[in-house]
Structures are given as C-alpha cells and as structure tokens.
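Have the sequence and the model open as you read.

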Amino acid sequence: MKKNDLTYEEAVKELEEILEDLEQDNISLNESLEKFKRGVELYNHCNEILNHVEGEIKILFKDEDGNLDEEDFNMEV
C-alpha cells in the first residue's frame, strides 16, 4: 500500500510492526535496510498529516465583551 493511501493510524500501526521486525535477530541486513527506509517514509507521512491537522485546529475563547472568538492553534513557543 502506498503511504499516501494510509491514514495516520494505519501508518503508525505499520511503523510499530516495522519496529518489532527490526528488533528481531533473524532479519537480514538487506531486509532491515528496506524496512528502515519504509519506516522513514511512514514517519514523514505521519508528520505531514500532523502538520496539516495542526493548521486546522482553532482555539475558542471569549473576548472582553463575552463574545466567542477563535484563533489559530500554534504549537511553537
């Protein structure tokens, strides 16, 4: 399955499976390298999804007049 077809949850699950495989002693160097490359792709895909979602999150608050207002969520400190 291509990484763009995966949801965040599916990508994380595959990453967890790759990690379990890489922790095994019975995997060849070539197979380890391929799994590592796939893991990097999945990691980047997850970050893209999170960055996109972060841009959609809004913080709701009441202004001085008691009216409901919103502002963009920013994780940077």
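## Overall layout

What pattern does the protein chain follow, read along the sequence? The answer is α-α-β-β, with two helices and two strands in the chain. Helices here are DSSP runs of H or I with at least four residues, strands are E runs of at least two, and both are numbered from the N terminus.

A word on the ground rules: this is a predicted model, where local features need pLDDT of at least 70, side-chain atom pairs count only at pLDDT 80 or more, and totals for chains, interfaces and linings use all residues. Residues are numbered from 1 along each chain as its sequence is written, and side-chain values use heavy atoms, with hydrogens and water left out.

Of the chain's 77 residues, 14% count as buried (under 20% relative accessible area; exposed is over 50%, partly exposed in between, with a 1.4 Å probe and protein chains only). As for contacts (heavy atoms within 4.5 Å) with a separation of 6 or more, 45% come from residues 24 or more positions apart.

## The helix pair

Helix H2 covers residues 29-56, and its 28 residues should span 40 Å at 1.5 Å a residue; the end C-alpha atoms sit 41 Å apart, which agrees. (The expected span is 1.5 Å times one less than the number of residues.) Buried in H2 are Ser-32, Lys-35, Arg-38, Gly-39, Leu-42, His-45 and Cys-46, and the buried residues of H2 pack against helix H1 (8-22).

H1 and H2 pack at about 155 degrees, their axes 9 Å apart (axes are lines fitted to C-alpha atoms, for helices over the stretch in contact, and angles run from 0 to 180 degrees between N-to-C directions). That makes H1 roughly antiparallel to H2, a label for angles over 145 degrees. On the H1 side the contact includes Tyr-8, Ala-11 and Leu-15, while H2 brings in Tyr-43, Ile-49 and Leu-50, among others.

## Two residues further along

Gly-55 is found in helix H2 and counts as exposed because its relative accessibility is 52%. Gly-55 and Asp-72 are 17 residues apart in sequence, yet 7.3 Å apart in space, C-alpha to C-alpha.

Glu-70 belongs to strand S2 (residues 68-72) and is partly exposed, at 44% relative accessible area. Leaving aside neighbours within four places in sequence, Glu-70 touches Lys-58, Ile-59, Leu-60 and Phe-61. With Leu-60, ten residues away in sequence, the C-alpha to C-alpha distance is 4.5 Å.

Definitions and conventions. Parallel < 35°, antiparallel > 145°, perpendicular 65-115°, else oblique.
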